[in-house]
Amino acid sequence: MSKFTSMVDSKFLDHPQDLGVVAVGFSGGQPKKGVDAGPEVLIQAGLLTQLRDELGYKLHGHDAVHLYTELTPASDPPYRNMKNPRTVSAVTREISSQTYAHSVAGRMTLTLGGDHSIAIGTISGTAKATRERLGREIAVIWVDAHSDINTPEGSESGNIHGMPVSFLTGLSREDSSNEECFGWIQDDMRISVKKLVYIGLRDVDPAEKRILRENGIKAFSMFDVDRHGIGRVMEMALGHIGTDTPIHLSFDVDALDPMWAPSTGTPVRGGLTLREGDYICECVHESGSLIAVDLVEVNPKLATEEDVGANETIRAGCSLVRCALGESLL
């Protein structure tokens, strides 16, 4: 195996050279087919091989893409305006257990999605593990064109990939007796709105804007990136979180402009360049506070002519992950 190459000392990981991988082939949080193939194409493109052979990680749990088909209920009617609520709840609960197992062992955790509803599982798992292991809450840096903080009742579409942050922060709750529809999310799995930072927003529903303002959530839109530059935005984002808090980075590839990542379910023009996206990941890694990374919404089935769009998006996704896990330019 290659030597672990990161030059950054991890503040919160007992085994920073160990990488727990959860490959999530799941698309049930939104209606477009194909995003469940995201992990497989990233792996086929050599991402895990690069992380092992070039960056020196020891991989755990990387031998399977999880489809979770056995968790799909026979009947899944809408509930509280949510589409596929029981399916998404069951799958994210299992993902939560998987990320918890990696995180509580003190290793870096990488989740490849899948649509962004899976973050209900990834973040709740690392939040619970970090409280148990370190007695600390986590911060979340959510890089996305969308804020994904709709409540079920406030959502126009009913698609749960637009709701994960509302469940993770407790803005949306379900009675604990209703475990089929997110009642399994306990307080030790949640995050504070004070430790949540958005970067790259440019398509936010009116109801979500109200939620962000009323809760004083730190959010850097593309307006802020244009005004300050990505370097200053990252200084402010990491300054808001502080140096004493473990960070879970959840990166939706649609944060990038469609020029760089066209093959995704909800592309929005005017986004981050690939270098800006890589820079975000590099900065979070350099902080020494990173404990977990999600990369979601790569959808190879939404390719442009001759698969150019899919290939560009896959390459971008691989680049983001490598930068978050320690690849540097020099």
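The axes of helix α8 (residues 230-241) and helix α9 (residues 274-286) come within 10 Å, crossing at roughly 35°. Axes here are lines fitted to C-alpha atoms, for helices over the stretch in contact, and angles run from 0 to 180 degrees between N-to-C directions. This is a predicted model: local features need pLDDT of at least 70, side-chain atom pairs count only at pLDDT 80 or more, and totals for chains, interfaces and linings use all residues. Residues are numbered from 1 along each chain as its sequence is written, and side-chain values use heavy atoms, with hydrogens and water left out.

**Exercise 1.** Find which residues of α8 meet which residues of α9. Contact means heavy atoms within 4.5 Å.

*Solution.* 
- Step 1: on the α8 side, take Ile230, Gly231, Met234 and Leu238.
- Step 2: on the α9 side, take Glu276, Tyr279, Ile280, Cys283 and Val284.
- Step 3: sort the residues of this contact; seven are nonpolar, one is polar and one is charged. (Ala, Val, Leu, Ile, Met, Phe, Trp, Tyr, Cys and Pro count as nonpolar, Asp, Glu, Lys and Arg as charged, and the others, Gly among them, as polar.)

**Exercise 2.** Describe how α3 and α4 pack.

*Solution.* 
- Step 1: the axes of α3 (residues 85-104) and α4 (residues 119-134) come within 7 Å and cross at roughly 35°.
- Step 2: sort the contact residues into five nonpolar, 10 polar and three charged.
- Step 3: look at Tyr100 in α3 and Lys128 in α4, both among the contact residues. The charged end of Lys128 sits over the ring of Tyr100, 5.2 Å from its centre. (The test: NZ of Lys or CZ of Arg within 6 Å of the ring centre and within 35 degrees of the ring normal.)

**Exercise 3.** Classify the two aromatic pairs and place their rings. Rings of Phe, Tyr and Trp (its six-membered ring) pair if their centres lie within 6.5 Å; planes under 30 degrees apart count as stacked, over 60 as edge-to-face and the rest as tilted.

*Solution.* 
- Step 1: Phe4 and Tyr57 are edge-to-face, at 4.9 Å centre to centre with 75° between the planes. Phe4 lies before β1 (15-24) and Tyr57 in the loop between α2 (47-53) and β2 (58-60), so the pair ties together parts 53 residues apart in sequence.
- Step 2: Phe4 is partly exposed, at 25% relative accessible area; Tyr57 is buried, at 1%. (Buried means under 20%, exposed over 50%, partly exposed in between, with a 1.4 Å probe and protein chains only.)
- Step 3: Phe167 and Phe182 are tilted, at 4.6 Å centre to centre with 35° between the planes. Both Phe167 and Phe182 are buried.

Technical notes: Helix = DSSP H or I, 4+ residues; strand = E, 2+ residues; numbered from the N terminus.
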